[in-house]
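Welcome! Please take a moment to look over the sequence and the 3D structure, then read on for a short tour.

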Amino acid sequence: MVPASYKKTAERFLYEPEKAFAYFDELLKRHPDPSSLLNYLNERRFVLLVMILEQSACLRKFLFRHPTEFQNAIPNLWYKVKEKEDYLKELEEVTATGSFSEKLAFYRHRELMRIFAKELLGVSSYEDLLREYSYLPDAMLELAFRKAWNETVERFGEPKEEDGSPATAAVVALGKLGSEELNYYSDVDLLFIHSSDKGSAGKVSLPEFFAQLFKRLVELVNARTPEGVPYEVDLDLRPFGKSGPISMSLRSAELYYESYGRVWERFALLRARFSAGDEELYRRFEKEVVTPFVFSSADFKLIEEIRLMKKKIEAEARKGFLKGFNVKTGEGGIREVEFGVQSLVILLGSKNPFLRESNTYRAIYKLHHRGVFSAEEAELLEKAYTFLRKLEHRIQLKDCIRTQVLKEEDKERLARYLGYETKAAFEADLSFWRKTVRTIFNQILPEAQKEPLDELQEALMAEDREKGQKLLKEKGFKDALRAFLALSEPLFGERAGEFSEKEKKAYLKLVPLLVELSARSPSPDETLKNFFKFFYNPTGKRVVLSEHKKEEFLEKLFLVFSLSPYLSHLIARNPDLVEDALTLYRDFPTKRDYAREFARYKETLSLTPENLYRRFKTVWEVRIGLVYFLKEEEPNEKLKKLFTSLSELAEFILESLWQELSLASERGALFSLGKLGSRELTFGSDLDLVFCAYSTQDKPSLYEKAKKLVRFLTAHTAEGYLYSVDFRLRPMGSKGELVPELEFYRKYFQKEARTWERLAWVRSRFITGHEETAQLLEQEIRNFLFNKPWGEKERKEVYEMRLKLQSAAKKGKGVVDLKLGEGGIVDGEFLVQYLLIKHKVRESSMIKGFERMLELYPELKDAYEAFLFLRRVETHLRLSKERGTSVLTPQDLPRVALSMGLEPETFEKELKRKMKALRRAFEEFLAPQ
């Protein structure tokens, strides 16, 4: 049997381990050669197998019927991606003997198992998995089409058009099959077309021939067999619906959609795609029917009908489902994502062919590319859609039925299936993603309003893009169309439903001021985008539209929006911070401030501990960032205070968690290296943490609690995450123990640690924990740093290490790697660390270390100023991005320059001069003599 360790590992992924293992035992009993399966299984494959057995009734049934298929289908899973042609080739072999439909059903379930295994292993993106799975019915329909064709020709004769040329037909995929995002357990929406009604096949007309052809195709694919149904076919989207002919000629289809086509049929044909039969005929259908119909001009009637469709969908979404939440049609569900995206594609695609896209993932990307969605909105929407689709699939696979209802009694099971530790964590994410969908697609196109307007307001209300673009371009907007669309959004976009008529009027009055404040900034486009992120939060909307708000208040707000997307992102998520951050907190905080407010938070906010800490950190990061931007003070002194405040915030959080997670009762200590170790933490910095146990006996308990601490810091919740944690600087790097004991450190420092680790441990600093353990480890660190020889050999190693790191710097035209590039921050860090060890000075701060070395080497003054300048540039760069980075691109340069009070050209020259000065000092002290 399998090793006990395999089962122990598997238990972490299973909801009912004993039942899953019983399924495995049953599979072994049914297997013709159990030893071959056991030999094939390693730990990862075993875990995968029992997860499949537990999570899907139909796949379990399939494996019980075909117990060798797991080991047959899974090899090469990590890199095998099948196209339609690959499926066809395999299907031809599979269906060569036996019942055709039964073999199709067998193959469908085998490939479903393979695709589901890829999802469980995380070896493909969800978009790619759905696309690959969508090609499976294409191949099956192609094979069924050929078989039905041959049988129908044999029965009636070759179909010929009036002029004697061959008559042809095609299968058109619609719905999720058409958009290449088919459900795991779904029917397939199809439309059948043929080339002409004029002609015959033997004694029957072409319409009769093709009716018989497609009836036979449906029989083959719809047949119920011992292996199940290959695919259930839905023809309801065809012209005239259930009452219409099963197939329609190209000309008849063209006349139908011209004369009778309704708006919902635009949505249906938007997802049309060739599936089987004559591809050339389909291309004609696409050119002559689909594109002219779906992307005809977006007139008033279309807009009104889309409004009506949306109202119907909203009404259905608000229905109470007695048995639970409908993942497809409920509020914040799949349909809202798809309808919202498709509406935008249809409305905008008439004038912008680039946007003509049926696949939800690709459409989101294209809408973002054209400025309809911001990068954050596109990312959130894609993640929400993926989350909902995964949930839908797990619901369907559980009992292998086409349902989208999430029942309360299934939540705990499905939470585990989706990788959540608890039902509560799953429910929190579900709520978050539903709210995300609702926020982005709350309503499409509000009713127009009329009131006296200035030029830009008139352009907005008339949806006159040409005039609006001209006016905004004159104001300095580079992407004037995107800015115009953004300004239109609260009035006519999908978010318009979030605003009452009164709020729309208040917003419209503010438009000229919003544009003017944006135009004053270094990048009007980015500033306006950051404003709308804030504005679309309900509290942000209230703050902006509040009648007592003064222009001075909005000016301060726009200063943040213009200089820092990072802070803009944070305050967009927490808009209630804006007023107190701009009025109450005008100096950098101390640990006393953190402690006082954290106590108030615990008393007043009903949040989970995870979300409480995250909210607290976000609040203070916003406040600290705003103080940094708005406070008048000498730049380098202000930078040092910023580093201290952010470092003390991290220290306070770590100290509090140490107590909260009962680590204080352990004989263990927490040290930090890197930027927290040097008390020079900036925005977006990782925490380089190391744990130490007093003795071997202390390790087990400390290890479990340390793991909880790390999970607490890094877990993503609705409030985000606290910090990224980096363990690469601990002994043996990321492969080393999480909690080594003192004796291990002693031996490691004496016998195994390398020169680069001595440099790294210069920045080590005790954060919290057992004082005696900390003192003893600190002594070992001092011995490690200062007791060993530090001469020519080490100087050469330090130099070579620096050059090796430099080779990994990001490169490109105009790209400056502030950290790793030549003359970058690491030059200064290596130089200071080298000198501190050389002179046996125990100082973890790089800035203070520079200042200490200045006393010995006055010639380091230029290098010290250059180092501070680069750290300031890095900080401004990070504030100008939504994610931490130290790589300055040509696109970043103007904003960073202006945020530092410099013209871009002056800044660029100064940056080059400072980096040369830092490299010169580095070479002087460390280059080979």
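Residues are numbered from 1 along each chain as its sequence is written, and side-chain values use heavy atoms, with hydrogens and water left out.

**Confidence**

- The protein has an average pLDDT of 90, and 94% of its residues score at least 70; pLDDT is the predictor's confidence in each residue, from 0 to 100.
- Confidence is highest in strand 2 (residues 169-173), at a mean of 98, and lowest in helix 29 (residues 577-583), at 61.
- Helices (H or I, at least four residues) and strands (E, at least two) are DSSP runs, numbered from the N terminus.
- Residues 446-452 have a pLDDT below 50, and this stretch has 19 contacts in the model beyond near neighbours in sequence; a contact means heavy atoms within 4.5 Å.
- Where pLDDT is low, the predicted coordinates should not be read in detail.

**Helices 4 and 5**

- Helix 4 (residues 43-55) and helix 5 (residues 57-65) have axes that come within 6 Å and cross at roughly 115°; axes are lines fitted to C-alpha atoms, for helices over the stretch in contact, and angles run from 0 to 180 degrees between N-to-C directions.
- Helix 4 brings Leu49, Ile52, Leu53, Glu54 and Gln55 to the contact, and helix 5 brings Ala57, Leu59, Arg60, Leu63 and Phe64.

**The disulfide**

- One disulfide turns up in a search of the whole structure; the term stands for a pair of cysteine sulfur atoms within 2.5 Å.
- Its partners are Cys58 and Cys400, with sulfur atoms 2.1 Å apart.
- Cys58 lies in helix 5 and Cys400 in the loop between helix 18 (375-399) and strand 10 (405-406), so this pair links parts of the chain 342 residues apart.
- The torsion about the S-S bond of Cys58 and Cys400 is about -85°, so the disulfide is left-handed.
- Cys58 is buried at 9% relative accessible area, and Cys400 is buried at 12%; buried means under 20%, exposed over 50% and partly exposed in between (1.4 Å probe, protein chains only).

- Three strands form an open sheet in the order 1-4-5, with antiparallel pairing; two strands pair if DSSP finds at least two bridges between them.
- Strand 1 (159-161) and strand 5 (204-205) are at the edges, each with a single partner strand.
- Ala201 has Val204 in strand 5 as its bridge partner.

Definitions and conventions: This is a predicted model: local features need pLDDT of at least 70, side-chain atom pairs count only at pLDDT 80 or more; totals for chains, interfaces and linings use all residues.
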